[in-house]
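Morning, everyone. Please bring up the structure, and we'll walk through a few spots.

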Amino acid sequence: MMKRFLVDAPVCELAAWLREKGEPAFRAKQITDWIFGKLTLEPEKMKNLPAGLRKSLAGDFFAPSCRVAERVLSPRDGVVKLRLELHDGESVELVVIPARERVTLCLSTQVGCPVGCRFCASGVNGLVRNLRAGEMLEEFLLGCAEAGRKCDNIVFMGIGEGLLNFDELVKVLETLTAPEKFAMSPRRITVSTSGFVPGILKLAALEKEFTLAVSLHAPDDVTRAKIIPDKLRYPVAEILEAADVYREKSGRLCTLEYTLLEGVNDSPEQAEALGRLAVRHRAKVNLIPYNETSGAYRRPRREVIENFERTVAASGAAVTRRVERGSKSAAACGQLRARAEQKRNDEK
Ligand code: SF4
């Protein structure tokens with residue numbers, strides 16, 4: 001049987017395990033205090049536990065299951081991108097983004113991605129596997145350790161389509177927000193989706209105040225088909241209907257994420273159409289000028305980006321532009337993992 005992840009071991013399981021080891025029941029509270037209160041997962045640091053118990057914990061549980069294999073710091077703004085090596089040798093990325101008094105973590109939900117958006121390195125080789133809830137929670141703890149404190153905001157915008165790993169993602173959301181666990185406000189957690197309609201509806205049914213960010217990238221289906229392959233692409237109208245349901249059930253306005261790609265989705269007509277959709281569906285727009293990699297897409301010129309933003313705003317929609325953060329060399333999602341994969345393949 002695969003080892004359990006200590007960070008998401010149910011308290012009753014932990015209690016049963018302690019009983020088996022002949023340990024008193026209060027040890028469960030000591031262990032969960034370390035994890036949820038002090039954000040410490042490594043048994044060797046749990047100093048109020050007997051040495052033998054620390055050893056048994058480390059032997060019987062993943063605590064943690066992954067390690068930081070690469071760390072890229074952007075000296076310009078303090079953004080740190082971490083490549084985590086998982087217990088089976090696969091990699092995901094985690095980004096720690098400090099801004100004023102706040103720290104935001106960008107977490108991955110899958111190894112690789114089945115959606116395969118054409119501008120994104122994460123989906124190039126498809127999905128390898130889903131992350132387990134314990135692995136995502138370990139990302140959170142490693143991000144907090146990197147930041148030196150508990151982080152304020154979480155965005156599930158790293159590698160993967162989180163809503164295709166729904167059950168594990170929900171376990172993570174529950175653990176992050178449970179008052180007796182990490183006690184975060186759901187409003188400080190953003191779930192991002194490429195527009196996977198069944199997943200948006202399932203998330204809406206939870207009736208929780210998580211923020212939903214929908215990567216629309218195009219105001220019409222013809223343009224969207226140039227950016228997202230058929231397999232997991234839903235029609236724009238269906239996505240926005242699902243986003244309406246989400247808004248009604250959660251009471252939260254959705255954000256439409258829009259990666260601006262030169263000559264693909266950056267025309268004034270597309271800006272007008274996007275603005276109209278955002279107003280009709282009471283959604284905010286977040287423009288993301290494309291972060292150029294070696295791929296075929298280009299970032300639009302500055303005037304084009306500014307003009308696009310003005311046109312969306314003129315329609316009456318609330319629009320923001322993502323500030324470029326992080327190191328140029330590895331800023332785009334999936335770049336560190338892609339390089340590591342390449343290296344792994346070259347060495348085979
Ligand atoms: S942008 Fe997101 S959904 Fe699209 S391939 Fe990349 S990780 Fe997957």
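A definition to begin with. A crossing is right-handed if the near helix is turned clockwise from the far one by less than a right angle, and left-handed if anticlockwise. Keep that in mind. Also, this is a predicted model.

Now the helix pair. Two packed helices are described by the angle between their axes and the distance between the axes. Take α1, residues 11–20, and α2, residues 26–37. Their axes come within 9 Å and cross at roughly 130°. That makes α1 oblique to α2. And the hand? α1 passes α2 in a right-handed crossing.

Which residues of α1 and α2 meet? On the α1 side, Val11, Leu14 and Leu18. On the α2 side, Arg27, Ala28, Ile31 and Thr32. By class, this contact of α1 with α2 has five nonpolar residues, one polar and one charged.

Next, isoleucine 154. This residue sits in strand β9, residues 153–156. Buried or exposed? Isoleucine 154 has 0% relative accessibility, so it counts as buried. What does isoleucine 154 touch, leaving aside neighbours within four places in sequence? Leu105, Leu107, Phe140, Leu176, Met184, Arg188, Ile189 and Thr190. Look at isoleucine 189 in particular. It is 35 residues from isoleucine 154 along the chain, yet their C-alpha atoms are separated by 4.8 Å.

Last stop, the ligand. The residues around the ligand are Cys113, Val115, Gly116, Cys117, Cys120, Ser122, Gly158, Gly160 and Ser194. How does that shell divide by class? Four nonpolar, five polar, no charged residues.

Note on methods: Residues are numbered from 1 along each chain as its sequence is written. This is a predicted model: local features need pLDDT of at least 70, side-chain atom pairs count only at pLDDT 80 or more; totals for chains, interfaces and linings use all residues. Side-chain values use heavy atoms; hydrogens and water are left out. Axes are lines fitted to C-alpha atoms, for helices over the stretch in contact, and angles run from 0 to 180 degrees between N-to-C directions. Helices (H or I, at least four residues) and strands (E, at least two) are DSSP runs, numbered from the N terminus. Angles under 35 degrees count as roughly parallel, over 145 as roughly antiparallel, 65 to 115 as roughly perpendicular and the rest as oblique. Contact means heavy atoms within 4.5 Å. Ala, Val, Leu, Ile, Met, Phe, Trp, Tyr, Cys and Pro count as nonpolar, Asp, Glu, Lys and Arg as charged, and the others, Gly among them, as polar. A residue is near a molecule or strand if one of its heavy atoms lies within 4 Å of it. Buried means under 20% relative accessible area, exposed over 50%, partly exposed in between (1.4 Å probe, protein chains only).
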